[in-house]
Amino acid sequence: MDKSIKAFVFDVYGTLFDVIAIKEQCEEVFPGHGDAISQAWRTKQVEYFMMRQLMGKYESFYKVTRSALKYALEDEGLESSEDIEQQLMDAYLQLPLYEESKAVLKQLQDQKLVVFSNGSHDMLDPLIDNAGIKNLLDKAVSVDEIKQFKPAPAAYQYVLDQLGVEREEILFMSSNGWDISGAKNFGFRTAWINRKGAPVEQLGLAPDFIFQDLNGLLEWE
């Protein structure tokens, strides 16, 4: 393990937790539409917080996620209600960890472990509690505290200020290419958890490391 790294900072959605697994709950409510809803929901969720960041019209991740759900359901031509939307939003607090996530966190307990998410605490904290990993983390940081979504530099500056280390002493991990690009642009060392085997983003900001899943951290030197 590289001794120059003082903090391991993990993205949450898609990195530690399987976002697309929400398709199972979507399928229960809307048979035959679960996969399409979950894919559109995630796509529109990312689009909405990116757009809000660019427009300077911040809303919490909870509100962004609910708006994205409304869009996904309407896009599928589905009749919905406040109760159905709330049921699916509640399911977002029960997303499953990826198979290796908890084991990797346990094996890195001699390191400073932090999660840093676009998720607001009203979604992030229950998710972490329900997954039983709160005691494995040193800190959970949300961009909602400064109302600047990743990949804005101000967001990465905020987590850096919270940790009190140099930017090159952070290893930032995410499964999202846009997040890795943002962190690399800011000056963090980056490890892309490339679960889907996707190509590197063509932004001239290649990750320092690429792993298929979080287990790659245990083999990294």
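Is aspartate 11 buried or exposed? Aspartate 11 is buried, with a relative accessible area of 4%; here buried means under 20% relative accessible area, exposed means over 50%, and partly exposed lies in between, using a 1.4 Å probe and protein chains only. Before we go on, note that this is a predicted model, in which local features need pLDDT of at least 70 and side-chain atom pairs count only at pLDDT 80 or more, while totals for chains, interfaces and linings use all residues. Residues are numbered from 1 along each chain as its sequence is written, and side-chain values use heavy atoms, with hydrogens and water left out.

Let's see what aspartate 11 meets. Its side chain and that of lysine 150 form a salt bridge (3.1 Å, N to O); the term stands for a side-chain nitrogen of Lys or Arg within 4 Å of a carboxyl oxygen of Asp or Glu. Lysine 150 lies in the loop between β3 and α7 and aspartate 11 in the loop between β1 (7–10) and α1 (23–29), so the pair ties together parts that are 139 residues apart in sequence. Helices (H or I, at least four residues) and strands (E, at least two) are DSSP runs, numbered from the N terminus. Lysine 150 counts as buried too, at 1% relative accessibility.

Stay in that loop for a moment. The peptide bond from lysine 150 to proline 151 is cis, with omega near 15°. In the loop between β3 and α7 you also find lysine 147, which has a positive phi of about 60° although it is not a glycine. Why point these out? Most residues other than glycine have a negative phi, and most peptide bonds are trans. Lysine 147 is partly exposed, with a relative accessible area of 46%.

Next comes helix α7, where you can find tyrosine 156. Tyrosine 156 is buried, with a relative accessible area of 0%. Leaving aside neighbours within four places in sequence, its contacts (heavy atoms within 4.5 Å) include Lys150, Pro151, Phe116 and Phe172.

Now turn to helix α6 (residues 121–131), whose buried residues are Met123, Leu124, Leu127, Ile128 and Ala131. They cover an arc of only 115° around the axis, which puts them on the same side of α6; the arc is that of the directions from the helix axis to the C-beta atoms. Among the elements that cover them are α3 (61–75), α4 (82–91) and β2 (113–117). Just after α6, glycine 132 takes a positive phi of about 70°.

Helix α3 has 15 residues and reaches 21 Å from its first C-alpha to its last, close to the 21 Å expected at 1.5 Å a residue. That expected span is 1.5 Å times one less than the number of residues. The buried residues of α3 include Phe61, Val64 and Arg66, and their cover includes α2, α4 and α6. Arg66 also belongs to a network of salt bridges with Lys70, Glu82 and Glu85.

In all, the structure holds 11 salt bridges. Another one joins arginine 195 and glutamate 100, the closest N and O atoms being 2.8 Å apart. This pair links distant parts of the chain: arginine 195 sits in the loop between β5 (189–193) and β6 (209–211), and glutamate 100 in the loop between α4 and α5, 95 residues apart. Arginine 195 is partly exposed, at a relative accessible area of 23%, whereas glutamate 100 counts as buried at 9%.
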